[in-house]
Amino acid sequence: MTNSRMPSNKKHALTLGSVIAIVMATLPYVFYYYEALPDWLWETSLFKALSTSFEENQLMASWILFQKIVPLLLLLIWFFTCKHWWYHTILIPISLYTFQLYTLFVSANSFIDSGELYFVVPVVIFSLSLTYLARLKIFDKIHGIDISEIEESVKKPSDRWFK
């Protein structure tokens, strides 16, 4: 006797996975959505800030905006659905696109996508630290390495001398 009904958690996972797949399949079409933006949208406060930095060139401003939003959304989906140990490194391009979007709205100069690398360095250090920690824990489970030996060799000299 087989049960034709699917368990609730598997049904939920299948539904969520289907929604994510549909969003990811249709998201590249959003690249061209800037051509269909209505004129009244540029009168809102959000888009006024964007259009002033591009001297009222609304088509170029919206094109640049969607060139930042679409990869950011794809990276966020990838980050939240990734099951690999190195998924923290996806935070680096996410922070890069986020900072580029931020400077797109607040920057009064004509140079965009410049200088954000310096602001992303702390995110790089943080994500690489988390990734290395995850890698270390995985290798400990696989190869049976004793992490306490590694921690002992990494201790500061002052910790070893002054107990």
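Colleague: Is Ser127 buried or exposed?
Modeller: This is a predicted model, and in it Ser127 sits in helix α5, residues 116-143. Buried means under 20% relative accessible area. The relative accessible area of Ser127 is 0%, so Ser127 is buried.

Colleague: Which residues is Ser127 in contact with, leaving aside neighbours within four places in sequence?
Modeller: Contact here means heavy atoms within 4.5 Å. With those neighbours left aside, the residues in contact with Ser127 are His88, Thr89, Leu91 and Ile92.

Colleague: How many helices and strands does the chain have?
Modeller: Along the sequence the pattern reads α-α-α-α-α-α-α. The count is therefore seven helices and zero strands.

Colleague: Are helix α3 and helix α4 roughly parallel or roughly antiparallel?
Modeller: The axes of α3 (residues 58-81) and α4 (residues 91-106) come within 9 Å and cross at roughly 150 degrees. Angles over 145 degrees count as roughly antiparallel. The crossing angle therefore makes α3 and α4 roughly antiparallel.

Colleague: How many nonpolar residues are in the contact of α3 with α4?
Modeller: Residues of α3 in this contact include Ile64, Leu72 and Phe79, and those of α4 include Leu91, Tyr97 and Phe105. By class, the contact has three polar residues, one charged, and nonpolar ones numbering 15.

Colleague: What share of the residues in the chain is buried?
Modeller: The chain exposes about 12300 Å², with carbon and sulfur atoms supplying 66% of that area. Of the 163 residues in the chain, the buried share is 24%.

Methods: Residues numbered from 1 in each chain as written. Predicted model: local features only at pLDDT ≥ 70, side-chain atom pairs only at ≥ 80, totals over all residues. Heavy atoms only, no water. Helix = DSSP H or I, 4+ residues; strand = E, 2+ residues; numbered from the N terminus. Buried < 20%, exposed > 50% of the residue type's maximum accessible area, 1.4 Å probe, protein only. Axes fitted to C-alpha atoms, helices over the stretch in contact; angles between N-to-C directions. Parallel < 35°, antiparallel > 145°, perpendicular 65-115°, else oblique. Nonpolar A, V, L, I, M, F, W, Y, C, P; charged D, E, K, R; others polar. Areas by Shrake-Rupley, 256 points an atom, 1.4 Å probe, with all protein chains shown as cover.
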